Every structure is written in structure tokens, then in C-alpha cells.
Amino acid sequence: MYAESLELPVGSSQPLASLSALACDPAHSRGRRFAEPPAPTRNAYQRDRDRIVHSTAFRRLVYKTQVFLNHEGDLFRTRLTHSLEVAQLGRSIARALGLNEDLVEAIALAHDLGHTPFGHAGQDTLNECMANHGGFEHNLQSLRVVDQLEERYPAFDGLNLSFEAREGVLKHCSRVNAEHLERSEPGGVGRRFIDHTQPSLEAQLCNLADAIAYNAHDIDDGVRSGLISIEQLLQVELFAHYHQLTLDQHPGLSEKPRRVMYETIRRMLSDQVYDVIDTTRLAVADSGADSLAQVRLAGPLVAFSLNMKSRSIELKKFLFGQLYRHPQVMQTTGQAQQVVRELFAAYVSQPAEMPADFAANDDLHRSVADYIAGMTDRFALREHERLTGRKLL
Ligand code: MG
């Protein structure tokens, strides 16, 4: 999609050096928490990806809000389409760098499995509800989904993914939660947040692919929704630059603003992808790392150049102020928070209203948080109406 359609930016050198000596190798995986015989036709990371695609939590992503509530329009991104776009960008970059594409795809498809209904409004509210019970954090919840909450296998809870996939899923983690993880899994996925070491290059890449994806698709969704305009976006350097280039090269398109916008976004995506590839290659060379073990001890290596980073931050700030905090988005946010808060109170006071597995759990508050976090937007609204008799949103 990228290399064939656009000239490379100035300064990009070809051919690309492969970082494959630093890539995660499924033959040398740190393995699964429960030993399983290898699959005859798939390596460990392909198997991880397949398990994620077949999980219940993955299918629910289609009805979970990214920015716009699921029922607000058919063309807006949902958590599912967002995850697919992250996987596409991640795989493209991984292929160019010689990193493990299967692992990148697995992490990208799983990275948002722990998201609550109603986007960040849902997550923030659940975190408030859990303030005296260990809090709620969506990255840690994604790990809980793949480690514990999925029920697919006879002999163990969760999907029993490889260490490398689980490490990538746990993108951020507080010190307190990391220490908690470390107690149950010494030297496991919580350790790097205590030691301040880095995850694999594949995991680092997924973090950046996530940001590249949502910055671009939120422009598209924001304009489509009518909440932001092209005129406003022209204040953002990254957008304005490619918008002007597009109009210069295709003057006849000025009557077709949507096509101009897509071409602008496409060029932005391409340039960010090339920037990450070039910057990462240089950073790896500068670090002198020649093994995965050394990658873990180096600083973050998958990164934007300083120039691209500042342009990306400018875009992110714009979207935050103009889209995510738009009065129309905030209005639905308030009601979404009320739905989550009232659901939480209802299940805590009447645990039997939850499925038996959740109601029977020793830690009632965690169980309620797990149950609500797993809900799609529309299921949460139905449950809220059933339990309170009031219809919101
Ligand atoms: Mg994401």
C-alpha cells in the first residue's frame, strides 16, 4: 500500500536493513504458562493470533466504542476496525524492518481486548468505581482477558498465549500492579515495569502503530461526523502539509474535498510509516544492540524522529481538544458514565443479577468490573435499562 504509491521522503535510504537478528523468534519463545505440545502447522505466534481471532472478547470489539458510540453511525471506527488497522500498519512496518509479523499481528489484535464499553468514558468511570478495590486499567484488563477471563480450553483459564504476546498486550502497568503480577508470576510480564527495561521491538512497534492508526482514523471519523472541519485541521502542520501537496498535484480535486482528505491521510500515514522505519533503524544501529536481550536493556528503539514526534503530538492535542472534548461527544460521555456507574452499583448490591460464574467469585468488586468491562455498548445499555427501568443514550 505504501511503497508502491508514493515517492519515499527525502532522506530515506533503501534497501532497508533487516533487524531480524533482533526479532522475536517463535522457536525461542519463553513459552506459555501451561505447557502445550507445538502445533503441527503453525508457529507459536501464529497460534497466538489465531486464538485471539477466535476469542469471545475479540468478537465483542465490533460493538465497542472507539470515539463515537457504536450506534451513532455505521461507518465510524469501532474497537474492532481500529485493531485491524493497527495490525495492518504494524505488519507493514514489521515486514520492512525484518521483525516478526505474526507476533505484531497477535499483539495488535489483542491490544484493546480489555477496553470497557463507551471508550474512555467507560474506562475512567470503572476506574472510579474500583478506586477502593484495586482500580481498573484497560491494559491490565487486556492481560486478564487473555490470561483468565476467556474460557476456551479444558485444562486452563484464558488463551494461554506465549510470553511475547502477553508482554506486548501489557503496554503500560503501574508499579503497584506490576508488583502484584510479579508475585504471581516471578520474572514474568510485570517485571519490566519494576526494572524499567523495554519489551520486544514487536511490542514497541504496536504502541506506535496504535497511535498512528487512531490519529489518522479519528481525523476521518471526526470530519465525517461533522464535529471537526477541514478548515480547523489546516491549523495542524502534519495535515496542512499533505493537504497542500495533494491539491498542488491534483488541482482538479478541489471540488472533491473527501477525496482530498483521504489522499492527505494516506500520505500522512505513509510518511509516518517511513519515518518510524528510518528512525528505528538508526536507533538500533546507534544502540549497538545485537540480540533481543540487549534490545530489552536499551532505551525505546522503535520511535518517530523528533520532528515527526512533535508533529504527531500537535495532531494528538488537536484531536483531544477539538474532537474528544467536543460538547457533542461530552454529552454522550456523561450518560455513558452514568450507565457504567449505575450498572456497577446494581451488580454490587445484587450479584445474582450477573451470570453465576461472576456472582460466585470471592472478590465481588473485581468480578463486577470484569463483567462490565466485557460488555458491548449495546449490551450495557440493555442491562442498564433492565436493572434501573431507565433508558439512556
Ligand atoms: Mg488502540
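These legends accompany several views of a predicted model of the protein.

View 1. Taken along the principal axes, the C-alpha atoms fill a box of roughly 65 × 50 × 35 Å.

**View 2. The domain assignment divides the protein into domain 1 and domain 2, each given as two segments.** Domain 1 comprises residues 44–198 together with 328–388, while domain 2 comprises residues 202–217 together with 231–320. The C-alpha centres of domain 1 and domain 2 are 26 Å apart.

**View 3. Domain 1 and domain 2 share an interface that buries about 2100 Å².** Of this buried area, 72% lies on carbon and sulfur atoms. On the side of domain 1, the residues that lose the most area to domain 2 are Leu89, Ile93 and Gln198, which together account for 32% of what that side buries. In terms of contacts, 24 residues of domain 1 meet 24 residues of domain 2.

**View 4. Salt bridges and polar contacts cross the interface of domain 1 and domain 2.** The rule finds two salt bridges across this interface, and the count of residue pairs in polar contact between the two domains is seven. The elements that give two or more residues to the side of domain 1 touching domain 2 are α3 (79–97), α4 (101–110) and α7 (163–169), and the largest share, nine residues, comes from α3. Sorted by class, that side of domain 1 has 12 nonpolar, eight polar and four charged residues.

**View 5. Glu167 and Arg296 form a salt bridge through their side chains.** The distance from N to O in the salt bridge between Glu167 and Arg296 is 2.4 Å in the predicted model.

Note on methods. Residues are numbered from 1 along each chain as its sequence is written. This is a predicted model: local features need pLDDT of at least 70, side-chain atom pairs count only at pLDDT 80 or more; totals for chains, interfaces and linings use all residues. Side-chain values use heavy atoms; hydrogens and water are left out. Domain bounds come from an automatic or database domain assignment. Contact means heavy atoms within 4.5 Å. Buried area is the accessible area (1.4 Å probe) that two parts lose on being put together, summed over both. A salt bridge is a side-chain nitrogen of Lys or Arg within 4 Å of a carboxyl oxygen of Asp or Glu. A polar contact is a pair of N or O atoms within 3.5 Å; within protein, one must be able to donate a hydrogen and the other to accept it, and residues adjacent in sequence count only if both atoms are side-chain atoms. Helices (H or I, at least four residues) and strands (E, at least two) are DSSP runs, numbered from the N terminus. Ala, Val, Leu, Ile, Met, Phe, Trp, Tyr, Cys and Pro count as nonpolar, Asp, Glu, Lys and Arg as charged, and the others, Gly among them, as polar.
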